[in-house]
Amino acid sequence: MNVLLTGATGYIGRRLQEKLLSDKSVRLRLFVRNARKVQAGLEDHIELFEGNALDEGSVRKGLVGIDVAYYLIHSMGAGADYEKLDRLSAQNFLDACIDNKVKRIIYLGGLGKKDTASKHLRSRLETGEILSSRPDLIQSVWLRAGVIIGSGSASFEIIRHLVQKLPVMTTPKWVRTQTQPVGVGDVLEYLFQAKDVPIEGSIAVDIGAEKMSFKDMLLRAARVMGLKRTIIPIPFLSPRLSSFWLKLMTPVPFPIAKALIQGLRSETTVQNDNARRYFPRINPLSYEDSFRTAIDEIEGNQVISRWCDSSAQKTCDIEGQDRLESAVYREKASFDFGALPAEAVFSVVESIGGDNGWFTYDWLWRMRGFIDILFAGPGLSRGRRDPNKLRIGDSLDFWKVVDLKPDKRLLLVNQMKVPGKAWLEFSIEGSRLIVAAHYYPKGLWGRLYWYLTKPLHMLIFPDMTRGIIKKAKF
Ligand SMILES: NC(=O)c1ccc[n+]([C@@H]2O[C@H](COP(=O)([O-])OP(=O)(O)OC[C@H]3O[C@@H](n4cnc5c(N)ncnc54)[C@H](OP(=O)(O)O)[C@@H]3O)[C@@H](O)[C@H]2O)c1
């Protein structure tokens, strides 16, 4: 099956691309505006086509020989006129698909009714109407989703940031509007299966898990994160004011925050049962499970598998492009060890902690360990299993080894009592030794803890880096 994926540099497209590549019967072509934005390391497996959906000629060329075409484009970032651009782009795509005898278009748009829709949602609905307007000539699967819960999705990031930062939230009254969120994993599964599902003509498939209000989404997310939150809806918060508020409190760009807030005013719930009819094997995850998965993904992508292997820089690329940068706080120090062999430096790194000490400010480490014991944590009492070697899973003072790549990387996860989750990473890149703390804070206390300990990190890390290199020299 020859598949064209548009929007491959976007939130959904980037994830779908990986899923499609897992299907050996798929030959994938990516339609992108800027080939350099596509993840390094993937070019060998897939075909890249540089084009623009607003340029009819390039769309026609990009679709030659294609059986199934995914349309995951929107023009919201292009200014106030985006509705017009969305219409033009969708019409170009439909015409070019028909001319190239493409068998099926798959589109993911928004959920809701046109008469009550916001400007953004109206445009998403119009796009769907255009793409599915010729069932006599081309099949179409028009998937419609409301709030998507997944790490990096704008709605998820808004919920996560608001809940994390605000113990008491005053919210617009339309937080009571009903919506039907769905996990990003389920959305990808619908998109993936949509290329094979037997249909005739055009179908619209509304997808969503449980129905709930935005207020419930905030409160249930708080429970998943182990936080207690109070919500007070007040009548005079305008959408504009609320969007500025979101801009202030979350990393989501203003136009997206504004569109989402406007979208909250009308109900976005499932209007047909085609999901069950055409995709009976998909059983969407509960809201809580989707939220938990998204949080785990933040830790997984940003810390645990953050290391960029030379084979595929995938993880690092994703980090740079997502709206996740602020999810994990970081502090780091690095030092050039010149002509010293990396193995010599790493063997000192591997011997850190326990009776060998931390190569700087040992009294501060001991003090921190003592404070931890007062809070019923392990402190420094556990030491090390072996004085020189480490294994994944080893305890190391108040840390545990979660990743060990010889001569490259040691990642420790914190087991002290702290309001959040913390990691300490030692890595070697070229002739530099890098020591970095990563911290995923829990609520306001978590943030306060980070800023209070930041001066200590700034004091300790450069010295520790130099201490390791000094020891490696002797
Ligand atoms: N994310 C959600 O929470 C969510 C929820 C419900 C529905 N959806 C729907 O899912 C679809 C994809 O959304 P998304 O969140 O993945 O969007 P996104 O992250 O903003 O990505 C949009 C993509 O469209 C591409 N694009 C824009 N204009 C283009 C043009 N003229 N020619 C070619 N490519 C163009 C962008 O390419 P560049 O990188 O070059 O800008 C980008 O890859 C949309 O239809 C959206 O309505 C998303």
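Student: Okay, which backbone sits 3.0 Å from an oxygen atom of the ligand?
Tutor: That's Gly 10, through a polar backbone atom. Keep in mind that this is a predicted model.

Student: And what lies 2.8 Å from a nitrogen atom of the ligand?
Tutor: A polar side-chain atom of Asn 52. There's also Leu 108, with a backbone N or O atom 2.6 Å from an oxygen atom of the ligand.

Student: Which residues come nearest overall?
Tutor: There are 20 residues around the ligand, and the nearest are Thr 9, Tyr 11, Arg 33, Leu 108 and Arg 124.

Student: Switching to helices: how do the axes of H3 and H4 cross?
Tutor: At roughly 15°, with the axes of H3 (residues 82-99) and H4 (residues 119-131) coming within 9 Å. Angles under 35 degrees count as roughly parallel, so H3 is roughly parallel to H4. Their crossing is right-handed.

Student: Who makes the contact there?
Tutor: On H3, residues including Tyr 82, Asp 86, Arg 87 and Phe 93; on H4, among them His 120, Arg 124 and Ile 130. By class, that contact has six nonpolar, four polar and seven charged residues.

Student: What about H13 and H15, at what angle do they cross?
Tutor: Roughly 120°, and their axes come within 9 Å. That makes H13 oblique to H15. H13 passes H15 in a right-handed crossing.

Student: Which residues touch?
Tutor: Ala 344, Val 345, Val 348 and Val 349 of H13, with Ile 468, Lys 471 and Ala 472 of H15. Here the classes are six nonpolar, no polar and one charged.

Terms used: Residues numbered from 1 in each chain as written. Predicted model: local features only at pLDDT ≥ 70, side-chain atom pairs only at ≥ 80, totals over all residues. Heavy atoms only, no water. Axes fitted to C-alpha atoms, helices over the stretch in contact; angles between N-to-C directions. Helix = DSSP H or I, 4+ residues; strand = E, 2+ residues; numbered from the N terminus. Parallel < 35°, antiparallel > 145°, perpendicular 65-115°, else oblique. Left-handed = near helix turned anticlockwise from the far one by under 90°. Contact = heavy atoms within 4.5 Å. Nonpolar A, V, L, I, M, F, W, Y, C, P; charged D, E, K, R; others polar. Near = heavy atom within 4 Å. Polar contact = N/O pair within 3.5 Å; in protein donor to acceptor, adjacent residues only side chain to side chain.
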